[in-house]
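Subject: A structure for you, with notes

Hi,

Here is the structure I promised to pass on.

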Amino acid sequence: MAKIRANSVLPARREALELTTADGLKLIGELALPESTDPVATIVCVHPLPTHGGMMDSHVFRKAAAWLPALAGLAVLRFNTRGTSSAQGTSDGAFDQANGELLDVAAALELAERRGLPHIWLVGWSFGADLTLMAGADPRVEGAVLLSPPLRFPSDEHLRRWGDTGKPLIALVPECDDYLKPDEARGRFALIPQAEVVSIEGGKHLWVGNAVRALDEIVARVAPSVSTPLPREWAGPMERGDSSMYADRTLASFADVPLPGPFGGPRSAHPTPPDQGT
């Protein structure tokens, strides 16, 4: 048995994808499937703010794709929203303030449906959590898990619309989040009667050191038949990924970049941190 580390890559069937949006853009994506079995459920990952370093390879989602097909039998679909770059490439278009990005989410859901992937859940982190709330009433979506939802872009109407669907919604809110703390989140999410707000003790917006906790919480909701916490060791083949390519996507790199959206400011909200543990 070998310890699963931050850059461990477990066996899976991985396929590079090109998604097409309703307005004709080509998006870069990847689908990771269990190596030799059908997936028990599917997560579609919607990444943090691209103007501040967010991408399909943001560390929690990179680990989800590297680990969850093997550890939990999940299909993991990741993609770069319009204008976003990662090691896999750059999607067409430009950042569109949570407007055109809704078409990007729809394109990912369409692909998941076309491939016949089971039990589709959205998992949105930060800006991606806002997009999830705005797009998740889509009938193809069974539920959603939100990481560090800032609730900057969604309106109360978006929240009420989700509430009307009756679909499960789990908001994982770090205790020390910079933008929305657990008590405030409970107030905002009261518009969704079925919403579950989970306070992550000692957690911060970027989930550095807490990625494993995030994945345990996701799997427990999306695939309740899978035992959690997930294994921390692996007996089979295991590769090592290279996370150093994202060393420039740190808090300091975006410290003076104003946040786009309904409110701005000099603080950075959504860069990908270096891999400081899991």
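Let me begin with helix 2 (residues 101-114): at 1.5 Å a residue, its 14 residues should span 20 Å, and its end C-alpha atoms are 20 Å apart, so the two agree. The expected span here is 1.5 Å times one less than the number of residues. Helices (H or I, at least four residues) and strands (E, at least two) are DSSP runs, numbered from the N terminus.

Before going on, some housekeeping: this is a predicted model, where local features need pLDDT of at least 70 and side-chain atom pairs count only at pLDDT 80 or more, while totals for chains, interfaces and linings use all residues. Residues are numbered from 1 along each chain as its sequence is written, and side-chain values use heavy atoms, with hydrogens and water left out.

Back to helix 2. Its buried residues include Glu-101, Asp-104, Val-105 and Leu-109; buried means under 20% relative accessible area, exposed over 50%, and partly exposed in between (1.4 Å probe, protein chains only). Among the elements covering the buried residues of helix 2 are strand 3 (13-20), strand 4 (26-33), strand 5 (41-46), strand 6 (74-79), strand 9 (120-125) and helix 3 (127-135). Just after helix 2, Gly-116 has a positive phi of about 70°.

Now the helix pairs. Helix 2 packs against helix 3 at an angle of about 75°, and their axes are 10 Å apart. Axes are lines fitted to C-alpha atoms, for helices over the stretch in contact, and angles run from 0 to 180 degrees between N-to-C directions. Helix 2 is therefore roughly perpendicular to helix 3 (under 35 degrees is roughly parallel, over 145 roughly antiparallel, 65 to 115 roughly perpendicular, and the rest oblique). Glu-101, Leu-102 and Val-105 of helix 2 make the contact with Phe-127, Leu-131, Met-134 and Ala-135 of helix 3, where contact means heavy atoms within 4.5 Å. By class, this contact has six nonpolar, no polar and one charged residues. Ala, Val, Leu, Ile, Met, Phe, Trp, Tyr, Cys and Pro count as nonpolar, Asp, Glu, Lys and Arg as charged, and the others, Gly among them, as polar.

Helix 3 also meets helix 4 (residues 156-165): their axes come within 8 Å and cross at roughly 60°, which makes helix 3 oblique to helix 4. On the helix 3 side are Thr-132, Leu-133 and Met-134, and on the helix 4 side His-158, Leu-159, Arg-161 and Trp-162.

Have a look at Thr-132 in helix 3. With 0% relative accessibility, Thr-132 counts as buried. Its contacts, not counting residues up to four places away in sequence, include Val-46, Leu-122, Ala-144 and Trp-162.

Eight strands form an open sheet with mixed pairing, in the order 3-4-6-5-9-10-11-12; two strands pair if DSSP finds at least two bridges between them. Strand 3 and strand 12 (195-200) are at the edges with a single partner strand each, so one side of each has no neighbour in the sheet. Strand 3 and strand 4 pair in the antiparallel sense over eight bridges, with Leu-17 opposite Gly-29 in strand 4. Strand 4 and strand 6 are also antiparallel, over four bridges, and Glu-30 has Arg-78 of strand 6 as its bridge partner.

Happy exploring!
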